[in-house]
Amino acid sequence: MSLKVSGIDHIGIAVNSLEISIPIFESLLGCKCYKVEDVKSQNVRTAFFDVGGIKLELLESLDKNSTIEKFINKRGEGLHHIALKVENTDDSLLEASKLGFDLIDTHSRIGADNLKIGFLNPLTTNKILFELTSKS
């Protein structure tokens, strides 16, 4: 038994400043940032790049007490999470729990791009933070 993952939706990268980081990534990737979005519920501002059908999401803290701010203070800028596409986030969170994974979110919430999202505890996923995403 395993989760039914249809692909990688995006890779999240924590940064101190979108103003500084966007031009760096545009130069590195050879493409423009196509969207900047504030996600107030998570206290972050995001910037998206489409790289061969996989999105890179830069995450900047909007609040000194946000999860991203705490992450950067502890580990510095860098890879924050990998988001996996699933058919239904709530169903997949339940399935992940049945498979023995600890959950950060027991129910989905709305994230960037108006996707339903939920996170798995990295202590049960080889210290990698995985986000499950779906449109429903």
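Contacts, core and loops in a predicted model

Visitor: Which residues does Thr-125 touch, not counting residues up to four places away in sequence?
Guide: In this predicted model, Thr-125 touches Phe-101, Leu-120 and Phe-130, with residues up to four places away in sequence not counted.

Visitor: Where is the place of Thr-125?
Guide: Thr-125 lies in the loop between strand S7 (116-120) and strand S8 (130-134).

Visitor: Does Thr-125 count as buried or exposed, and why?
Guide: Thr-125 counts as buried because its relative accessibility is 10%, and the cut-off for buried is under 20%.

Visitor: Turning to Gly-76, where is its place?
Guide: Gly-76 is found in the loop between helix H2 (67-75) and strand S5 (78-86). Its relative accessibility is 23%, so Gly-76 counts as partly exposed.

Visitor: What separates the C-alpha atoms of Gly-76 and Val-15?
Guide: A distance of 8.2 Å separates these two C-alpha atoms, although Gly-76 and Val-15 are 61 residues apart along the chain.

Visitor: Which residues make up the largest nonpolar core?
Guide: That core has ten residues: Ile-13, Val-15, Leu-18, Ile-22, Phe-25, Cys-33, Ala-47, Phe-49, Leu-56 and Leu-58. At least two residues come from each of strand S1 (5-15), helix H1 (18-29), strand S3 (44-51) and strand S4 (54-61).

Visitor: Which element gives the most to this core?
Guide: H1 gives the most, with three residues.

Visitor: And what is Phe-49 in contact with, leaving aside its neighbours within four places in sequence?
Guide: With those neighbours left aside, the contacts of Phe-49 include Ile-22, Phe-25, Cys-33, Leu-56 and Leu-58. Among them are also Glu-26, Lys-32 and Lys-55.

Definitions and conventions: Residues numbered from 1 in each chain as written. Predicted model: local features only at pLDDT ≥ 70, side-chain atom pairs only at ≥ 80, totals over all residues. Heavy atoms only, no water. Helix = DSSP H or I, 4+ residues; strand = E, 2+ residues; numbered from the N terminus. Buried < 20%, exposed > 50% of the residue type's maximum accessible area, 1.4 Å probe, protein only. Core = buried A, V, L, I, M, F, W, Y, C linked by side-chain atoms within 4.5 Å. Contact = heavy atoms within 4.5 Å.
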